[in-house]
Amino acid sequence: MSIALPAWLAWAGLSACFAALTAVFAKAGVRDVDSDLAMALRTIIVALLVVPFVVITGKWADPFALPARAKAFLVLSALATGASWLCYFRAIQVGELAKVAVVDKTSVVLVLLFAVVFLGEKPSGRDWLGMLLVLSGLAMLAFRR
């Protein structure tokens, strides 16, 4: 008997694994390097990998031809990503990785709240309960003695 999992679940699981590796590698990388410089180098490397991948797979399109709304939100997303990475790298340089990563994951709860406010999504009572449990667990991990 096989269980068919949704494709998004596999991709999300891989994303979580790579995010965990990213945190561990980044913490080791900022040990003797300024966190802002480390983040800049990481960003350059990501661009050097992703842009050729998009071109080789035939997915490149003229970014100036995208709808104005899409461009605006992609720019906002890039700015938020940059701010997040700058703050994250500074936090892992001065704090314990396990605690920083836990606090960083409160973004899971914020995504639900922002999706309600900005996208009009309507989480169920079960979704809200799950988020309260996640937040409780995150608080227990972040503020352990």
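Helix α1 supplies the largest share of the lining of the largest pocket, nine residues in total. Keep in mind that this is a predicted model.

**The largest pocket**

- Its volume comes to about 730 Å³.
- The elements giving two or more residues to the lining are α1 (7–29), α3 (68–94), α4 (97–104) and α5 (107–119).
- In total, 23 residues line the largest pocket.
- If you want to find the middle of the pocket, go to Thr-81, Ser-84, Trp-85, Asp-104 and Lys-105, the lining residues that lie nearest its centre.

**The chain as a whole**

- Reading from the N terminus, the elements go α-α-α-α-α-α.
- Along the principal axes, the C-alpha atoms fill a box of roughly 50 × 45 × 40 Å.
- Of the 145 residues in the protein chain, 12% are buried.
- Take the contacts with a separation of 6 or more: 66% of them are between residues 24 or more positions apart.
- The protein chain has an accessible surface of about 11200 Å², and carbon and sulfur atoms own 75% of that.
- On the charge side, there are 13 positive and 8 negative side chains, with the centres of the two sets 5 Å apart.

**Helix α5 and what follows**

- Three residues of α5 are buried, namely Val-109, Leu-112 and Ala-115.
- Residues three or four places apart in an α-helix point the same way, because there are 3.6 residues a turn.
- The cover over the buried residues of α5 includes α6 (125–142).
- Just after α5 comes Gly-120, which takes a positive phi of about 70°.

- Val-33 sits in the loop between α1 and α2, while Ser-35 is already in helix α2.
- Ser-35 has a relative accessible area of 0%, so it counts as buried.
- Setting aside residues up to four places away in sequence, Ser-35 touches Val-30, Phe-89, Arg-90 and Gln-93.
- Val-33 is partly exposed, because its relative accessible area is 28%, and the buried class stops at under 20%.
- Beyond its neighbours within four places in sequence, Val-33 is in contact with Ala-38 and Gln-93.
- Val-33 and Gln-93 are 60 residues apart in sequence, yet their C-alpha atoms are 8.9 Å apart in space.
- Gln-93 therefore turns up in the contact list of Ser-35 and in that of Val-33.

**Further along α2**

- Val-50 belongs to helix α2, which covers residues 35–56.
- With a relative accessible area of 42%, Val-50 is partly exposed, since the exposed class needs over 50%.
- From Val-50 to Ala-10 the C-alpha separation is 20 Å, and the two are 40 residues apart along the chain.

Technical notes
Residues are numbered from 1 along each chain as its sequence is written. This is a predicted model: local features need pLDDT of at least 70, side-chain atom pairs count only at pLDDT 80 or more; totals for chains, interfaces and linings use all residues. Side-chain values use heavy atoms; hydrogens and water are left out. Helices (H or I, at least four residues) and strands (E, at least two) are DSSP runs, numbered from the N terminus. Buried means under 20% relative accessible area, exposed over 50%, partly exposed in between (1.4 Å probe, protein chains only). Contact means heavy atoms within 4.5 Å. Accessible areas come from the Shrake-Rupley method with a 1.4 Å probe; for residues, only the protein chains shown count as cover. Lys and Arg count as positive and Asp and Glu as negative; His and the chain ends are not counted. The place of a charge is taken as NZ of Lys, CZ of Arg, CG of Asp or CD of Glu. On a 1 Å grid over the protein atoms alone, a cavity is a set of points where a 1.4 Å probe fits but cannot get out, and a pocket is an open set with protein on both sides within 12 Å along at least five of seven lines; lining residues have an atom within 4 Å of a point. Grid points are joined across faces, edges and corners, and a volume is the space filled by probe spheres set on the points.
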